[in-house]
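Here is a short report for a reader new to this structure. Look over the sequence and the model before reading on.

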Amino acid sequence: MNKLAIFDCDGTLVDSGAAIYRALKDAFALHGAALPHPDVSRRVIGLSLNEAMAALLPDEDAATHRALSESYKSCFQQARAEGRVEEPLYDGVLDLLDELELDGWLLAVATGKSDRGLDRCLQSHGIHARFISLQTADRHASKPHPSMALTAMADAGAAADTTVVIGDTSFDMGMAKAAGAAGIGVAWGYHAAEELQAAGAFSVADHPGEVAPLATLALERSRG
């Protein structure tokens with residue numbers, strides 16, 4: 001079976017938190033709602049939009065959550081069209097992708113972004129073609145449901161014991177656990193290392209340079 005590394009996008013490959021918060025703030029303003037502080041709002045990054053809106057406004061109904069999701073997409077698209085969206089790669093990510101590929105890993109992405117949003121993000125950094133499978137919220141249940149990971153594994157010809165999920169949130173680690181894969185948490189994103197460990201992370205990397213050795217170790221342990 002092939003070795004597969006499934007990456008989250010926001011908070012793992014790219015630092016998109018500021019752009020996401022601005023679009024959320026604009027969307028909430030359109031509906032006359034107050035957006036929670038960034039320290040609270042950033043915690044829903046990684047969920048699919050409807051689930052994120054439900055987490056931010058749990059007392060509102062599903063129709064309101066859907067309306068907010070549509071407004072968010074419009075606000076984000078407008079900001080991108082006006083050149084106000086910045087989603088820089090984290091330092092060391094390109095080196096990590098190189099290291100994994102040289103060691104024979106296939107790469108995939110599983111994200112709460114839309115197909116269009118993910119495509120534009122990856123294309124802007126010239127890394128779109130490096131991923132054998134791209135799974136988004138457009139076609140799957142929200143993390144931590146395992147659907148995205150399982151589909152990526154099928155695309156890559158990988159098994160659970162030859163797959164790692166690399167992400168910054170407890171949702172990523174929950175998805176890995178539900179799919180039977182190892183979760184490698186990253187400490188540079190939007191959830192604390194302690195939360196990643198509590199959600200089942202095999203280990204947590206403080207820097208991209210630590211990820212590849214941890215991924216190899218996780219597979220060695222899973223094969224026992």
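Predicted model: local features only at pLDDT ≥ 70, side-chain atom pairs only at ≥ 80, totals over all residues.

Residues are numbered from 1 along each chain as its sequence is written, and side-chain values use heavy atoms, with hydrogens and water left out.

**A serine in a loop**

Ser 142 sits in the loop between β3 (133-135) and α7 (147-156). Helices (H or I, at least four residues) and strands (E, at least two) are DSSP runs, numbered from the N terminus. Ser 142 counts as buried because its relative accessibility is 10%. Buried means under 20% relative accessible area, exposed over 50%, and partly exposed in between (1.4 Å probe, protein chains only). The side chain of Ser 142 reaches the backbone nitrogen of Ser 48 at 3.1 Å. Beyond neighbours within four places in sequence, Ser 142 is in contact (heavy atoms within 4.5 Å) with Leu 47, Ser 48 and Glu 51.

**Salt bridges**

Side chains of opposite charge can pair when their charged atoms come close. A salt bridge here is a side-chain nitrogen of Lys or Arg within 4 Å of a carboxyl oxygen of Asp or Glu. The structure holds 12 of these salt bridges. The table gives some of them.

| Salt bridge | N to O distance |
|---|---|
| Lys 143 and Asp 8 | 2.9 Å |
| Lys 73 and Glu 70 | 2.9 Å |
| Arg 130 and Glu 101 | 2.6 Å |

Lys 143 and Asp 8 form a salt bridge. That pair links distant parts of the chain, 135 residues apart: Lys 143 is in the loop between β3 and α7, and Asp 8 is in the loop between β1 (2-7) and α1 (17-30). Both Lys 143 and Asp 8 are buried.

Lys 73 and Glu 70 both lie in helix α4 (residues 62-81), three residues apart, or about one turn of the helix. Lys 73 is partly exposed at 31% relative accessibility. Glu 70 is partly exposed at 46%.

Arg 130 and Glu 101 form another salt bridge. This pair also joins distant parts of the chain: Arg 130 is in the loop between α6 (115-124) and β3, and Glu 101 is in helix α5 (residues 93-102), 29 residues apart. Salt bridges that share partners join Asp 10, Arg 80, Glu 87 and Lys 113 into one network.

**Helix α10**

Which residues of α10 are buried? They are Val 211, Ala 212, Leu 214, Ala 215, Ala 218 and Leu 219. Seen down the axis of α10, these buried residues fall within an arc of 160°, so they line one face of the helix. The arc is that of the directions from the helix axis to the C-beta atoms. On the other side of α10, Glu 220 and Arg 221 are exposed. The cover over the buried residues of α10 includes β1, α5 and β2 (105-110).

**Aromatic pairs**

The structure holds three aromatic pairs. Among them, Tyr 72 and Phe 76 form a tilted pair, 5.8 Å centre to centre with 40° between the planes. Rings of Phe, Tyr and Trp (its six-membered ring) pair if their centres lie within 6.5 Å; planes under 30 degrees apart count as stacked, over 60 as edge-to-face and the rest as tilted. Tyr 72 is buried, with a relative accessible area of 10%. Phe 76 is buried, with a relative accessible area of 10%. Tyr 90 and Trp 188 form a tilted pair, 6.3 Å centre to centre with 55° between the planes.

Note on methods
Polar contact = N/O pair within 3.5 Å; in protein donor to acceptor, adjacent residues only side chain to side chain.
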